[in-house]
Amino acid sequence: EHEKDGLLVPAGDSAALAHAMRSLIADATLRQRLGVAAARSSARFTDEVALPQFENLYERVLDRSA
């Protein structure tokens with residue numbers, strides 16, 4: 001979610017990316033808040049968490065295609 005978990009910019013929009021980066025440079029509170037959110041989110045994407053989920057997804061896809 002924009003400004004909650006990160007800063008979302010349209011793909012290929014370098015002006016929007018530059019604006020987002022300037023926002024981070026100028027706003028220490030925003031940097032801190034997004035840094036904390038990133039640390040929380042990264043725990044959901046460890047190998048121990050993500051690999052079983054991918055395995056389950058692949059198994060379901062393979063079952064449907066068989």
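This is a predicted model: local features need pLDDT of at least 70, side-chain atom pairs count only at pLDDT 80 or more; totals for chains, interfaces and linings use all residues.

Tutor: Residues are numbered from 1 along each chain as its sequence is written, and side-chain values use heavy atoms, with hydrogens and water left out.

Student: At what angle do helix 1 and helix 2 pack?
Tutor: Two packed helices are described by the angle between their axes and the distance between the axes. Here helix 1 (residues 14-26) and helix 2 (residues 28-42) pack at about 100°, with axes 5 Å apart. That makes the two helices roughly perpendicular (65 to 115 degrees).

Student: Which residues of helix 1 and helix 2 meet?
Tutor: Ser23, Leu24, Ile25 and Ala26 of helix 1 meet Ala28, Leu30, Arg31 and Leu34 of helix 2, with contact meaning heavy atoms within 4.5 Å.

Student: What lies at the start of helix 1?
Tutor: There, a side-chain oxygen of Asp13 comes to within 3.3 Å of the backbone nitrogen of Ala15.

Student: Is Ala20 buried or exposed?
Tutor: Ala20, in helix 1, counts as buried because its relative accessibility is 10% (buried is under 20%, exposed over 50%, partly exposed in between, with a 1.4 Å probe and protein chains only). Leaving out residues up to four places away in sequence, Ala20 touches Leu7 and Val9.

Student: What is phi of Glu3?
Tutor: Most residues other than glycine have a negative phi. Phi of Glu3 is near 65°, a positive value. Glu3 sits in the segment before helix 1 and, at 41% relative accessibility, counts as partly exposed.

Key. Axes are lines fitted to C-alpha atoms, for helices over the stretch in contact, and angles run from 0 to 180 degrees between N-to-C directions. Helices (H or I, at least four residues) and strands (E, at least two) are DSSP runs, numbered from the N terminus. Angles under 35 degrees count as roughly parallel, over 145 as roughly antiparallel, 65 to 115 as roughly perpendicular and the rest as oblique. A polar contact is a pair of N or O atoms within 3.5 Å; within protein, one must be able to donate a hydrogen and the other to accept it, and residues adjacent in sequence count only if both atoms are side-chain atoms.
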